[in-house]
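Here is a friendly walk through a chain and the surroundings of two of its ligands. Keep the structure open beside the text as you read.

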Amino acid sequence: MRSLYQLFILFGCVLFVMQSAHALPWDDLTAEQLETTLIEKFAEGNYSPKGADSCLMCHKKNDKVMDIFKGVHGNVTNSASPMAGLQCEACHESLGNHNRGGKEPMIQFGQNSKLSTQTQNTVCQGCHNDAKQMAWHNSTHNLEDIACADCHVVHAATDPALEKLTVNDTCTNCHTREKADMNKRSSHPMKWDQNDLYRLSFTTWVNDRKRVKQTFY
Ligand code: HEC
Ligand code: HEC
Ligand code: HEC
Ligand code: HEC
Ligand code: HEC
């Protein structure tokens, strides 16, 4: 009993050290090695029998992680939602030996991910493959170069990319010159939060950009 307790403390410390440095145990793998490892793990298909519960044993202290339960992807009552199926592993893929101190990699998304855009996007497109829904995405961005998670936040009650007042920030993460221009006195109406006149819809802006044909960067 006592040794089990000590083991827990030790494990807690190890976890703490790893988290505070925020270096991941698989950081030393190259992008190719990482991708190969994940493909092998995927082929083994060693999913956790307890789903999200096993992940949360280690990840529930991360508020960002927990925020997924406030959004659509955490909704267990929607049968199409990841939470009604493989849960966390629907996106991050099979647990495999990752729970042994978090040593085996999981699929990561967004700017910090070493994985190719295509690998990341394939996960999302497994569920989001409606041609009509994706039509404007493809018309504005080459989705082979830009990851869904570069714009979308799924671990959140509301995705900033889907809110008129915050989508601006999503876009200016990359379109920096636009951001600078936006603050000039004679700028085009992009400051949606400034007043009602400027509160344009996203679609209006896209159309406007297309008409003006101004290049970014
Ligand atoms: C026994 C503990 C443990 C369990 C169980 C566990 N993880 Fe982890 N996980 C870790 C550790 C340790 C790390 C690396 C340190 C960190 O979080 O930054 C990590 C890292 C991750 C990362 C990368 C974090 C980042 O900062 O980008 C993801 C994604 C992840 N885990 C998902 C999962 C999922 C999904 C499950 C369940 C299928 C799971 N983990 C189960 C311990 C665990
Ligand atoms: C719909 C797909 C999806 C599901 C389901 C999902 N995640 Fe994530 N996860 C992501 C994406 C995308 C990111 C990158 C950050 C973001 O966009 O919110 C991420 C980020 C993370 C991170 C890194 C957080 C950090 O601090 O940077 C961890 C850890 C993680 N997820 C664990 C989990 C766990 C545990 C579950 C289940 C409770 C889960 N995820 C369910 C897509 C998902
Ligand atoms: C297992 C299926 C599944 C996966 C995988 C998945 N989603 Fe979803 N997603 C859903 C469901 C279900 C909804 C709710 C709307 C619906 O029913 O179509 C949704 C809604 C969304 C929405 C609209 C959000 C809102 O608040 O209305 C966005 C944006 C989105 N997903 C992005 C992503 C991204 C990015 C990924 C990959 C990191 C991803 N999804 C992976 C099933 C999934
Ligand atoms: C350049 C940023 C960007 C990228 C990259 C991006 N999206 Fe979106 N997405 C948006 C914005 C902005 C909206 C809101 C569109 C609107 O208001 O018409 C949206 C809307 C959505 C919706 C909700 C549509 C609805 O009917 O409510 C889903 C689902 C979605 N995106 C999934 C994805 C997936 C999957 C990918 C990757 C293949 C992706 N997105 C890539 C910015 C992006
Ligand atoms: C991750 C970086 C990134 C983010 C975030 C991003 N973009 Fe882009 N955007 C680009 C790149 C790179 C291009 C160049 C074309 C391409 O690669 O598809 C581009 C091109 C465009 C174009 C086409 C411009 C033209 O002249 O044809 C539009 C419109 C656009 N972005 C709007 C948006 C909007 C709206 C958002 C926010 C919802 C956004 N972008 C977020 C990187 C980004």
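Helices (H or I, at least four residues) and strands (E, at least two) are DSSP runs, numbered from the N terminus. This is a predicted model, in which local features need pLDDT of at least 70 and side-chain atom pairs count only at pLDDT 80 or more, while totals for chains, interfaces and linings use all residues. Residues are numbered from 1 along each chain as its sequence is written, and chains are lettered from A and ligands numbered from 1 in the order in which they are written.

**The fold**

The chain holds eleven helices and zero strands. Of its 217 residues, 16% count as buried, meaning that 20 or more other C-beta atoms, placed from the backbone, lie within 10 Å of the residue's own. Contacts are pairs of residues whose C-beta atoms, placed from the backbone, lie within 7 Å. Among contacts between residues at least 6 apart in sequence, 57% join residues at least 24 apart.

**Two ligand shells**

A residue belongs to a shell if its C-beta atom, placed from the backbone, lies within 6 Å of the ligand. In the table, Ala, Val, Leu, Ile, Met, Phe, Trp, Tyr, Cys and Pro count as nonpolar, Asp, Glu, Lys and Arg as charged, and the others, Gly among them, as polar.

| Ligand | Shell | Make-up of the shell |
|---|---|---|
| Ligand 3 | 22 residues | 13 nonpolar, eight polar, one charged |
| Ligand 4 | 18 residues | nine nonpolar, eight polar, one charged |

Nearest to ligand 3 come Ala80, Pro82, Cys124, Cys127 and Cys148. The elements α5, α6 and α8 each give two or more residues to that shell. Around ligand 4, the closest residues are Cys124, His128, Ile146, Cys148 and Cys151. Here at least two residues each come from α6 (117-125), α7 (131-140), α8 (148-151) and α11 (202-212).

Which residues of α6 are buried? They are Gln120, Asn121 and Val123. Seen down the axis of α6, these residues line one face of the helix, because they fall within an arc of 145 degrees, taken from the directions from the helix axis to the C-beta atoms. They pack against α5 and α8.

Val123 also belongs to the largest nonpolar core, a set of buried Ala, Val, Leu, Ile, Met, Phe, Trp, Tyr and Cys residues joined through C-beta atoms within 7 Å. Two or more of its residues come from each of α2 (31-44), α3 (52-59) and α5 (88-92).

Key
Buried ≥ 20, exposed ≤ 12 C-beta atoms within 10 Å, placed from the backbone. Contact = placed C-beta atoms within 7 Å.
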